[in-house]
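Thanks for asking me to look this one over. My notes are below as numbered points, with the cut-offs given where each term comes up.

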Amino acid sequence: MAETAEASQDRLTVTDSRTGRSYELPIVDGAIRTLDLRQIKVDPDDFGMMAYDPAFQNTASCRSKITYIDGDLGILRYRGYPIEELAESKSFLEISYLLLNGELPTPAALEQWTAEITNHTFIHESIKHFIDGFHHDAHPMGMLVSAVAALSTFYPEAKQIRDPATRHRQIVRLIAKMPTLAAFAYRHAMGLYYAYPDDDLSYAGNFLNMMWRATELKYQPNPVLENALNVLLVLHADHEQNCSTSTMRLVGSSDADPYTAMSAACAALYGPLHGGANEQVLRMLQAIGSVQNIPDYIRRVKAGEFRLMGFGHRVYKNFDPRAQLIKKVADQVFEVTGRSPLLDIALEVERIALADEYFIDHKLYPNVDFYSGIIYLAMGIPVEMFPVLFAIGRTPGWLAHWEEGLLDPEQKIGRPRQLYVGPETRHLD
Ligand code: ACO
């Protein structure tokens with residue numbers, strides 16, 4: 001149970017130097033409520049004090065029970081379980097269930113959950129025609145954003161967001177259909193026929209099937225690559241109030257249906273500073289071209305010409321625990337696929353940057369995207385698909401937060417304030 005403001009003995013005393021008045025603000029869970037600042041006024045007509053927090057660097061927008069992160073200690077836990085324990089032993093569907101329901105599934109619950117998901121992997125044939133309408137070189141992330149939004153037109157019942165059974169059906173559909181939409185977007189770009197889902201395969205194995213199946217009657221995924229994809233999906237499944245998840249919650253707070261809210265979340269993820277970063281890492285490694293060019297590239301990063309993509313994180317300031325887990329998987333993948341020349345460049349960039357004072361002083365370490373892109377490339381997945389894979393992985397996290405936000409009695413439609421700094425009233429001559 002969350003502590004209430006009335007029960008809390010802890011207070012923050014604030015003295016306003018403009019009036020000399022003091023105020024006692026209750027502290028609950030280490031935070032004050034910014035609405036409590038409103039009582040701080042210079043005169044009765046004053047609107048009251050606000051908190052200014054561009055980019056929400058120090059503002060908690062919700063109470064959440066889903067994911068815990070300690071950026072300084074490099075801790076990431078889903079529903080209390082350390083990511084290190086989950087990534088090595090659980091399937092993506094188990095993790096999705098955990099994020100959404102708060103507990104890992106029993107064997108019977110997992111069987112039912114898996115059956116529900118596999119039952120919904122197909123997409124309406126009209127969506128194929130919709131994807132067909134895109135230009136041959138359309139970015140698959142643009143196609144995904146549009147296709148996810150378009151799903152809402154196929155399931156108008158999704159607007160009944162207050163009905164638990166309807167909500168559950170849309171959650172199942174979204175988790176089930178994301179790999180299908182993603183693989184179809186890829187095959188459209190490649191000019192290949194659409195390979196339908198194979199319900200006998202695991203979630204990761206089926207995605208590989210829809211990506212790579214050619215003339216064989218039954219596609220058999222390579223178990224190492226299937227496992228690597230599963231781990232990558234698990235590592236991306238949630239990351240609390242990041243840009244795309246906050247977008248999902250914000251759009252969801254207007255009571256929009258989950259397809260519409262999730263297409264907005266996908267759009268937020270598309271940006272190069274967020275889910276687009278793994279694509280940018282690869283483009284950066286390609287631009288560097290060879291190990292000899294790295295010192296000059298690093299010099300230009302330090303001169304502020306551009307950023308070292310895949311380095312730095314808003315929350316993790318010592319190490320990204322996901323990056324450490326992914327490195328192990330990378331080695332297993334390269335044993336199957338062979339080493340990519342870009343990997344040598346990546347490892348040298350990492351070595352030089354980690355020993356460089358600029359990166360040490362700025363607390364810049366490789367993040368999850370530094371390695372995920374290299375693994376995807378080795379697996380033969382084209383660069384444009386990297387953020388799409390991130391989106392598939394993040395889907396259960398987005399949906400868990402969407403639902404948590406909807407069921408939270410403290411939440412309302414999201415609506416930040418601003419500090420107006422434009423002109424005072426002026427008039428046309
Ligand atoms: N390369 C070089 N310098 C950097 C980098 C970088 N990748 N990241 C931050 N810095 C520097 C900034 O220039 C700034 O320096 P200054 O204080 O001397 O001006 C300082 O570090 C702080 O940077 P901010 O942008 O304020 O840090 P913030 O926490 O807001 O940014 C972010 C986090 C966006 C991830 C940033 O580190 C970045 O742009 N990294 C590259 C893109 C990337 O890899 N994104 C993936 C994030 S992980 C994810 O979404 C799953």
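1. The side chains of His 239 and Tyr 316 make a polar contact at 2.7 Å. A polar contact here is a pair of N or O atoms within 3.5 Å; within protein, one must be able to donate a hydrogen and the other to accept it, and residues adjacent in sequence count only if both atoms are side-chain atoms. This is a predicted model, in which local features need pLDDT of at least 70 and side-chain atom pairs count only at pLDDT 80 or more, while totals for chains, interfaces and linings use all residues. Residues are numbered from 1 along each chain as its sequence is written, and side-chain values use heavy atoms, with hydrogens and water left out.

2. Where does His 239 sit? His 239 is in the loop between helix H8 (223–236) and helix H9 (243–252); helices (H or I, at least four residues) and strands (E, at least two) are DSSP runs, numbered from the N terminus. His 239 is buried, as its relative accessible area is 5%. Buried means under 20% relative accessible area, exposed over 50%, and partly exposed in between (1.4 Å probe, protein chains only). Leaving aside residues up to four places away in sequence, His 239 touches Thr 67, Ile 69, Leu 76, His 313, Tyr 316, Arg 322 and Arg 394, where contact means heavy atoms within 4.5 Å.

3. Now for the sheet. Three strands form an open sheet in the order E3-E4-E5, with antiparallel pairing; two strands pair if DSSP finds at least two bridges between them. Strand E3 (67–70) and strand E5 (81–82) each have a single partner strand, so one side of each is left without a neighbour in the sheet. E3 is joined to E4 (residues 75–78) by four bridges. Thr 67 has Tyr 78 as its bridge partner in E4, and Asp 70 has Ile 75. The two strands form a hairpin with four residues between them, and Gly 74 in the turn has a positive phi of about 70°.

4. Two backbone angles deserve a look. Phe 56 is not a glycine, yet has a positive phi of about 50°. Phe 56 lies in the loop between strand E2 (22–26) and E3 and is exposed, with a relative accessible area of 57%. Asp 255, in the loop between H9 and H10, also has a positive phi, near 70°; Asp 255 is partly exposed at 40% relative accessible area.

5. Which residues come nearest to the ligand? Of the 19 residues around the ligand, they are Arg 307, Leu 308, Gly 310, Arg 314 and His 362, a residue being near if one of its heavy atoms lies within 4 Å. A polar backbone atom of Leu 308 is 2.8 Å from a ligand nitrogen atom. Ligand oxygen atoms lie 2.8 Å from a polar side-chain atom of His 362 and 3.2 Å from an N or O atom in the side chain of His 274. The protein covers 72% of the 920 Å² of accessible area that the ligand has on its own (Shrake-Rupley method, 1.4 Å probe).

6. Finally, Gly 275 lies in the loop between helix H10 (258–270) and helix H11 (277–288). Gly 275 counts as buried, at 0% relative accessibility. Beyond residues up to four places away in sequence, Gly 275 touches Leu 269, Pro 387 and Phe 390.
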